[in-house]
Amino acid sequence: MIRKEIPQAEYAHIGGSGTWGDDFPENVGIEGVKILDADMEFETPFGTTVPMKLFEISADITADHKKHVVLDMPFHGWFGLSPYLDTPSERVFWVLQRAGVKWILADGSGGGINPLLDPGDVIIPDDLIDQTKRVSYLSKFTDKIVRMRDIVCPDLAAILYNEALKEYPRVFGRGVYAVDEAPRFETKAEIRRLYDQHCDICGHTMMPEAALARAIGAHYAAIYIVSNCAEGIDPDWKRPIFDIYAECAPKFSRIMVRALAAIDPEKIGCRCGENLLDVPSRVQKRMNAN
């Protein structure tokens with residue numbers, strides 16, 4: 001249902017294939033989670049969003065003893081499997097910006113490029129390589145220069161890491177995520193190139209999310225289940241990725257709620273805010289004159 005009023009929320013969860021196999025957050029099984037609203041769609045300059053939810057995490061279980069109001073959207077805001085024909089991320093972040101969101105956690109899955117990664121492992125990347133050809137709309141969200149240094153908030157990543165260890169024996173707290181274009185997977189030759197570029201995992205969703213999060217002044221981190229071996233890494237791997245999704249959904253749902261609850265804004269010591277750079281007035285004047 002189209003809503004005209006955007007609710008205020010400081011927290012957001014961008015759902016992906018990590019929580020896709022569950023009814024998030026209704027079935028998370030953690031006391032203190034309350035659905036406030038659902039089926040919320042919003043008109044944006046980029047089109048209509050997917051239906052979103054609004055839920056609350058009770059002050060009884062949050063790190064700062066204040067209720068955390070969370071905007072939640074399924075599967076990265078995509079309609080179908082190919083976001084590059086559309087602008088789902090821009091629609092989502094247009095809403096998040098107006099909602100006042102400052103803390104964003106996302107989940108997803110990807111193909112393991114690093115041979116040390118096995119399907120079923122968990123990784124929280126700390127950097128990325130963007131190989132997509134999408135048009136950038138960052139200037140629609142900020143008039144500042146978006147610096148991509150430490151694009152993943154280290155404090156949020158540490159929270160995800162600690163919560164993931166409660167569910168998984170093998171969690172990797174850093175790595176490079178290669179962003180490729182959906183809806184297809186990569187060829188063996190492409191994976192060899194990504195391996196040579198020191199990428200650890202490949203997927204379709206970390207960009208433009210990470211850059212848009214910075215553009216709106218929000219902290220961002222994401223966690224991924226290794227759903228398969230990337231092409232050519234382990235030719236004998238044949239297990240369907242949907243089996244992995246079904247298994248990981250309850251665990252990822254708990255990780256996401258606990259991580260959202262564990263954020264204490266007053267104890268965050270990162271320097272994410274320093275990476276939105278003001279354009280000098282003399283330069284801005286020249287740009288505006290062109």
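Residues are classed as buried under 20% relative accessible area, as exposed over 50%, and as partly exposed in between, with a 1.4 Å probe and protein chains only. The structure is a predicted model, in which local features need pLDDT of at least 70, side-chain atom pairs count only at pLDDT 80 or more, and totals for chains, interfaces and linings use all residues. Residues are numbered from 1 along each chain as its sequence is written, and side-chain values use heavy atoms, with hydrogens and water left out.

Salt bridges were examined across the model. Side chains of opposite charge can pair when their charged atoms come close. A salt bridge is defined here as a side-chain nitrogen of Lys or Arg within 4 Å of a carboxyl oxygen of Asp or Glu. The whole structure holds 16 salt bridges. Helices (H or I, at least four residues) and strands (E, at least two) are DSSP runs, numbered from the N terminus.

R134 and E90 are both buried.

A further salt bridge pairs D118 with R170, and here the closest N and O atoms are 3.6 Å apart. D118 belongs to the loop between strand 7 (103-112) and strand 8 (122-123), while R170 belongs to the loop between helix 2 (154-164) and strand 11 (171-172), so the pair ties together parts 52 residues apart in sequence. D118 has a relative accessible area of 37% and is therefore partly exposed. R170 is also partly exposed, at 34% relative accessibility.

L117 lies in the loop between strand 7 and strand 8. L117 is buried, because its relative accessible area is 5%. Contact means heavy atoms within 4.5 Å. Neighbours within four places in sequence aside, L117 contacts G112, I123, R170, F172, D200 and V226. L117 and I104 are 13 residues apart in sequence, yet their C-alpha atoms are 25 Å apart in space.

I201 is part of strand 13 (residues 201-203). With a relative accessible area of 0%, I201 is buried. G111 is 90 residues away from I201 along the chain, but the two C-alpha atoms are separated by 5.5 Å. Beyond neighbours within four places in sequence, I201 has contacts that include G110, G111, I113, I123 and P125. V176, Y177, A178, Y224 and V226 are also among the contacts of I201.

Helix packing was examined next. Axes are lines fitted to C-alpha atoms, for helices over the stretch in contact, and angles run from 0 to 180 degrees between N-to-C directions. Angles under 35 degrees count as roughly parallel, over 145 as roughly antiparallel, 65 to 115 as roughly perpendicular and the rest as oblique.

Helix 1 (residues 88-99) packs with helix 4 (residues 206-215) at about 25°, and their axes are 10 Å apart. Helix 1 is therefore roughly parallel to helix 4. In this contact, S89, E90 and F93 of helix 1 meet P208, E209, L212 and A213 of helix 4. The contact residues comprise four nonpolar, one polar and two charged. Ala, Val, Leu, Ile, Met, Phe, Trp, Tyr, Cys and Pro count as nonpolar, Asp, Glu, Lys and Arg as charged, and the others, Gly among them, as polar.

R91 is also found in helix 1. R91 counts as buried, at 10% relative accessibility. Residues up to four places away in sequence aside, R91 touches T44, F46, G47, T48, T49, F79 and D86.

Helix 2 and helix 5 pack at an angle of about 135°, with 9 Å between their axes. Helix 2 is therefore oblique to helix 5. I159, L160, E163 and A164 of helix 2 make the contact with I255, M256, R258, A259 and A262 of helix 5. By class, this contact has seven nonpolar, no polar and two charged residues.

R258 and E163 form a salt bridge, with the closest N and O atoms 2.8 Å apart. The pair links distant parts of the chain, with R258 in helix 5 (residues 241-262) and E163 in helix 2, 95 residues apart. R258 is partly exposed at 21% relative accessibility, whereas E163 is buried at 8%. A network of salt bridges links E163, K166, E167, R254 and R258.
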